[in-house]
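Reader: I would like to learn how to read ligand shells and helix packing. Show me the model, and we can go through it.

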Amino acid sequence: MDNLLIDNDATWTCLKIAQLAQWALQEEVLLTPKPGLVDAADNGAHRDLSLELMLLSAQTLTPYFTEMSSVAWGQPTGKLLREKIGEIGRDAESAMLLATRQVNTHRGAIWALGLISAAAAQNNRQSDAVSLCARAGAIARLNDKYIPITFSKGKSACQRYQVTGAKEEAQQGFPSIIKLALPTLRASRAKGDSEQAARLNALLVLMANINDTCVLSRGGENALLTVQHFCQEIIDGGGVAAENGMSQLLKLGEIMIEGNLSPGGAADLLSATLFIDALENKLISRFHYATN
Ligand SMILES: CC(C)(COP(=O)(O)OP(=O)(O)OC[C@H]1O[C@@H](n2cnc3c(N)ncnc32)[C@H](O[C@H]2O[C@H](COP(=O)(O)OP(=O)(O)OP(=O)(O)O)[C@@H](O)[C@H]2O)[C@@H]1O)[C@@H](O)C(=O)NCCC(=O)NCCS
Ligand SMILES: Nc1ncnc2[nH]cnc12
């Protein structure tokens with residue numbers, strides 16, 4: 001009985017959801033070697049980012065994930081919820097910029113992990129990946145009349161290259177996570193790859209397939225295509241655990257640093273993938289534990 005009460009306690013579960021979000025952001029940045037991105041070895045193609053700054057940013061954001069899940073706890077999807085999440089998301093962005101002295105460390109991640117935190121708290125008995133992403137997508141599709149109309153590099157890249165970006169990925173229920181990254185992560189683990197290799201393979205499949213507006217705005221369409229083809233070749237060769245896989249990944253890292261390219265969007269979707277993977281395992285098993 002005690003277990004059931006603890007499991008149903010909103011405060012406890014929302015704190016747990018936010019802790020998992022922070023964990024996922026930390027695991028993403030610590031994963032090494034990532035091409036073009038900040039990791040434990042170097043700052044990739046970034047001059048204004050570092051491992052310490054990324055970890056500080058992840059820590060700063062945690063209370064906002066708690067807040068987003070708390071306002072969503074048991075709530076149906078609707079405009080009121082969308083607007084509350086939007087307001088907390090904007091506060092999280094301001095807190096991030098204050099903590100990092102105006103460096104954009106996790107804008108896309110606030111969006112993706114914020115929506116998923118809310119979706120997890122809406123109904124913690126349906127925390128399988130498909131249900132979570134469907135609920136997060138339904139929130140993202142609602143209009144938030146308080147969103148300020150501002151310039152963003154993402155919007156400008158989407159218009160210039162006629163592609164969809166972070167907003168649409170969420171609105172469509174994160175298809176790149178459900179169809180690509182999560183299956184890749186799990187298939188790689190199932191075939192006996194190390195956890196590091198499984199996560200790097202998930203990153204590569206995202207880089208090979210999404211329209212990363214960070215790559216587009218830094219390097220244009222040709223750069224995106226080159227990076228995508230390179231990643232696909234590593235995947236086709238059996239991934240990073242295969243012979244030459246790791247050396248190819250390191251070569252890609254060099255090319256990306258030379259070309260000043262960084263796949264920030266793929267990094268955010270990797271942290272969202274790790275978050276969903278953990279939520280599915282932890283929230284589902286706690287529910288079964290409580291009811292059995
Ligand atoms: C819907 C929003 C995400 C806004 O999106 P938009 O495209 O308008 O704006 P951006 O400011 O460009 O942010 C998009 C960020 O999303 C990541 N991303 C890029 N491509 C994709 C993709 N295909 N799928 C998913 N995610 C993607 C990416 O974030 C990462 O990169 C950031 C660094 O980017 P940038 O500053 O451009 O970096 P650099 O190239 O390094 O800059 P320089 O050094 O050259 O100066 C990093 O932060 C990663 O996170 C894109 O940046 C959403 O933010 C929104 O509408 N918010 C409003 C509040 C709200 O409603 N919230 C609700 C729930 S939380
Ligand atoms: N590891 C990373 N390096 C650079 N930008 C990022 N955005 C999210 N994660 C990142």
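Reader: Which helices each supply at least two residues of the shell around ligand 1?

Author: This is a predicted model. To read a shell, sort its residues by element. Here helix H4 (79-99), helix H5 (107-122), helix H7 (153-161), helix H8 (166-171), helix H11 (213-236) and helix H13 (264-291) each supply at least two. H5 gives the most, with 7 residues.

Reader: How many residues are around ligand 1, and which come nearest?

Author: There are 38. Gly89, Gly108, Gly154, Gly264 and Gly265 come nearest. By class, the shell around ligand 1 holds 17 polar, 11 charged and 10 nonpolar residues.

Reader: Which residues are closest to ligand 2?

Author: Val29, Leu37, Val38, Gly264 and Ala267 are the closest of the 14 that surround ligand 2. Helix H2 (10-30) and H13 each give two or more residues to this shell. The largest share comes from H13, with 3 residues. The classes are 7 nonpolar, 5 polar and 2 charged.

Reader: Now the packing. At what angle do H7 and H11 pack?

Author: Read the angle together with the axis separation. For H7 and H11 the angle is about 55°, and the axes lie 9 Å apart. The crossing of H7 past H11 is left-handed.

Reader: Which residues meet there?

Author: From H7 come Lys153, Gly154, Ala157, Cys158 and Tyr161; from H11 come Thr213, Leu216, Ser217 and Glu221. This contact has 4 nonpolar, 3 polar and 2 charged residues. Gly154 also belongs to the residues nearest ligand 1.

Notes: Residues are numbered from 1 along each chain as its sequence is written. Chains are lettered from A and ligands numbered from 1 in the order in which they are written. This is a predicted model: local features need pLDDT of at least 70, side-chain atom pairs count only at pLDDT 80 or more; totals for chains, interfaces and linings use all residues. A residue is near a molecule or strand if its C-beta atom, placed from the backbone, lies within 6 Å of it. Helices (H or I, at least four residues) and strands (E, at least two) are DSSP runs, numbered from the N terminus. Ala, Val, Leu, Ile, Met, Phe, Trp, Tyr, Cys and Pro count as nonpolar, Asp, Glu, Lys and Arg as charged, and the others, Gly among them, as polar. Axes are lines fitted to C-alpha atoms, for helices over the stretch in contact, and angles run from 0 to 180 degrees between N-to-C directions. A crossing is left-handed if the near helix is turned anticlockwise from the far one by less than a right angle, and right-handed if clockwise. Two residues are in contact if their C-beta atoms, placed from the backbone, lie within 7 Å.
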